[in-house]
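Good morning, colleagues. Please look at the model on the screen while I take its pocket and one of its helices in turn.

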Amino acid sequence: MGFRCGIIGLPNVGKSTIFNALTAAGAEVANYPFCTIDPNVGVVRVPDERLEAIARIINPPQTVYTTMEFFDIAGLVQGASRGEGLGNKFLGHIRDVDAIVHIVRCFDDPDVSHIYGPVDPARDIDIINAELLLADLETVEKRITKIERQAKSGNKAYRREFEMCGRIRDALGRGEAVRALALGDDESEIFRDLNLLTAKKVLYVANVSESVLKGEGIYVAVIEEAARKEGSKVITICGDMESEIAELDEAERKEFLADMGLEVSGLQKLIVAGYDLLNLITFYTTVGSELRAWTIKKGTKAPKAAGKIHSDMERGFIRAEIVTCDDFITSGGITAARESGRVRIEGKEYSIEDGDIVYFRFNV
């Protein structure tokens, strides 16, 4: 599995439309709030031209792509942190994802009502972010109340947690997302246990009309400014157009994009941005009859990457034989790459690089 993204936003901003286009999962789409009660889940195969190039050389019986998992979480509204619009349930779903994809409406359409009247991206972003902040503030305050007595008794672990929670509470009170806080290594585990919503990285998706997609509309500029202030990123997607693209085969899709003057689909833009957001890379293995792509965090050591495949491989790791994807393709396969000296041996301290083709050697 690559990573899990929760798609959030106000009702009627195009979340389910985009989800359907990306996953072809058939989530219900309706022009009224809360048509999505349980989070729809879709698993998307990540497009990978490098994997396909390797496959053309070795012709494996089986090629396995890495994947991205999307959760279409029902629309949040003002007051969600207090339970408005089934908000507590929806906020709970967000805690289960690795990153948040925040869909913001950037199109005018009299046939699709906006829950708060006129289209206003800045207002919409503020509403969602405020609800996430308030939900986190409630979580932290409950934790402070729970550990306050132990902290005052002199227990060092509880004292450290109490102080950290106080810092987080103060930041939230100032309207700051906790992902911006600098934490020490000894605080990271405590921080993870809190599972705060504003600790998750956010990618803003401006859902625009087709006419705006190739330009830079005024609504998009508003989102870009909001994202810049908090260190997040923005991509633009036309939900309606992605719905059309999803119905085409590969050749038709490429022709459609070319006619539109676009290089990639919204799905591809989202995947690239998502990988960058979470600091992810892809490596490849060719074991037996299977060619496979794997997703890991940048900086992952070779033994840990081997453990992604099987725990025995991590436990009995000896070495990794590495060839870059480019060298493999240029050489025309592993045999020629070895003969030309392009396969190298790496040990336990080697960090896997994006595009590495890896042959793990282990003994258990």
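By class, the lining of the largest pocket comprises 19 nonpolar, five polar and 13 charged residues; Ala, Val, Leu, Ile, Met, Phe, Trp, Tyr, Cys and Pro count as nonpolar, Asp, Glu, Lys and Arg as charged, and the others, Gly among them, as polar. This is a predicted model, in which local features need pLDDT of at least 70 and side-chain atom pairs count only at pLDDT 80 or more, while totals for chains, interfaces and linings use all residues. Residues are numbered from 1 along each chain as its sequence is written, and side-chain values use heavy atoms, with hydrogens and water left out.

The largest pocket has a volume of about 1,100 Å³. On a 1 Å grid over the protein atoms alone, a pocket is an open set of points where a 1.4 Å probe fits, with protein on both sides within 12 Å along at least five of seven lines, and lining residues have an atom within 4 Å of a point. Its volume is the space filled by probe spheres set on the points, which are joined across faces, edges and corners. Helix 11 gives the largest share of the lining, six residues; helices here are DSSP runs of H or I with at least four residues, numbered from the N terminus.

Now to helix 8. Which of its residues are buried? They are Val-220, Ile-223 and Ala-227, buried meaning under 20% relative accessible area and exposed over 50%, with a 1.4 Å probe and protein chains only. They lie on the same side of helix 8 because they cover an arc of only 60° around the axis, taken from the directions from the helix axis to the C-beta atoms. The face turned away from that buried side carries the exposed Ile-218, Arg-228 and Lys-229. Just after helix 8, Gly-231 takes a positive phi of about 75°.

Technical notes: Helix = DSSP H or I, 4+ residues; strand = E, 2+ residues; numbered from the N terminus.
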